[in-house]
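Biologist: Please show me the model, and then we can go through it by question and answer.

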Amino acid sequence: MQLVDVGRNEPCPCGSGRKYKKCCLAVRDAATAVDPAMAAAVDRAIEQDDWDPLHDRIDAAMAVFERGAPLEHVRFPQDQIRSRNPDRAELASLCTAGWLRRCELEIAHVLGRFELDAEQRDGLRLAAYLLRRFGAVSPTVEQVARLQVAEQVQRVRRFAEAISARGLTTEQVMAGMDGLLDWIERARPTVLSFAEWFALRSAADETLHGRWRSGISMRVCEACLDRLEDGSVEEPQAWLLLAAATLFVDRSLLARVLAEATSPRPVTETERTLHAAIESKDRSEELRGIVHRILRETEARGGFGDAALLRAIIQDLQSSFWSS
């Protein structure tokens with residue numbers, strides 16, 4: 001999920017409906033309060049040019065950022081990482097003040113709501129302190145960027161294995177790109193979670209690209225690659241083409257077609273209710289409260305990335321969506 005800034009008077013991104021300053025701002029400040037001993041340890045690391053004593057705590061924090069963990073969604077916009085080893089200049093261009101503040105807020109959200117062991121809690125407080133103190137050149141930012149690059153390398157490797165297993169080349173797969181949208185409209189592949197579908201379906205034209213490239217496109221890619229691991233999947237070359245389009249082609253039109261032509265993977269009755277209402281053009285104000293319920297259900301079952309996406313949607317949605 002692409003992280004954005006949160007103003008004091010804006011709706012809190014936790015989804016409570018209250019202003020940020022009256023909700024999670026105080027929670028953030030308390031959860032990430034600077035421990036004098038931690039600050040002193042960082043001072044020593046700088047003075048001695050030796051960060052080894054802090055490595056265990058940094059590693060414990062980064063485990064909470066990995067896929068399947070509560071901070072799995074804290075990433076940079078996918079199309080902005082240009083190299084496998086981003087240098088300080090590249091990190092600085094990625095890392096806006098708004099991204100830093102939102103990252104710190106997400107850390108505080110996890111510290112306040114999830115059961116973590118002592119090492120992870122200590123590590124996350126260190127991660128937040130490093131963000132505050134060093135900003136874009138902090139070890140926290142560097143490690144998130146490295147994790148994101150490693151995830152992309154893994155996706156490319158899985159794609160290469162999938163085409164090799166079928167005796168194809170990337171060029172052969174990409175040659176069918178002109179027919180991809182037609183296949184989606186015909187086959188209606190189920191590749192979006194409910195939160196991803198809702199994020200794309202509710203996006204205005206000017207925000208669609210940002211939502212698609214902030215993490216949804218890569219999760220669609222992984223859904224395709226997971227499907228291809230099933231040897232009995234029908235039309236494997238079409239699934240390869242969809243995976244290739246998310247990896248190598250920047251096409252926001254693909255996001256709109258998926259949102260309009262396909263259905264999500266609903267796992268609760270509440271999600272099915274909202275999906276049916278939106279499909280039938282019922283966007284009454286009463287439905288807005290259902291999104292908050294879905295958010296709570298999603299977070300409770302460990303859908304951390306989807307829950308964060310829903311919090312962002314709640315923050316971004318305009319009244320016009322519900323009345324259109």
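Biologist: How many residues does helix 6 have, and what is its reach from first C-alpha to last?

Modeller: This is a predicted model, in which local features need pLDDT of at least 70 and side-chain atom pairs count only at pLDDT 80 or more, while totals for chains, interfaces and linings use all residues. Residues are numbered from 1 along each chain as its sequence is written, and side-chain values use heavy atoms, with hydrogens and water left out. The expected span is 1.5 Å times one less than the number of residues, and for helix 6 (residues 118-134) the reach is close to the expected 24 Å. Helix 6 has 17 residues and a reach of 24 Å.

Biologist: What covers the buried residues of helix 6?

Modeller: Buried means under 20% relative accessible area, exposed over 50%, and partly exposed in between, with a 1.4 Å probe and protein chains only. The buried residues of helix 6 include Gln120, Gly123, Leu124 and Ala127. Contact means heavy atoms within 4.5 Å. The cover includes helix 2 (36-48), helix 3, helix 5 and helix 7 (139-165).

Biologist: How many helices and strands does the chain have?

Modeller: Helices (H or I, at least four residues) and strands (E, at least two) are DSSP runs, numbered from the N terminus. By that count the secondary structure comes to 17 helices and 0 strands.

Biologist: What percentage of the residues in the chain is buried?

Modeller: The chain has 324 residues. Helix 10 (residues 194-201) is largely enclosed by the rest of the structure, because 8 of its 8 residues are buried. For the chain, the buried share is 53%.

Biologist: What kind of aromatic pair do tryptophan 183 and tryptophan 239 form?

Modeller: Their centres are 5.5 Å apart, with 75 degrees between the planes. The pair links helix 9 (residues 180-187) to helix 12 (residues 236-248), across 56 residues. Both tryptophan 183 and tryptophan 239 are buried, and the pair is edge-to-face.

Biologist: Where is leucine 287, and is it buried or exposed?

Modeller: Leucine 287 sits in the loop between helix 14 (269-279) and helix 15 (288-300). Its C-alpha is 8.3 Å from that of alanine 277, 10 residues away along the chain. With a relative accessible area of 8%, leucine 287 is buried.

Biologist: At roughly what angle do the axes of helix 14 and helix 15 cross?

Modeller: Axes are lines fitted to C-alpha atoms, for helices over the stretch in contact, and angles run from 0 to 180 degrees between N-to-C directions. The axes of helix 14 and helix 15 come within 9 Å. Residues making the contact include Leu274 of helix 14 and Ile294 of helix 15. The crossing angle is roughly 145 degrees.

Key
Phe/Tyr/Trp six-rings, centres within 6.5 Å; stacked < 30°, edge-to-face > 60°.
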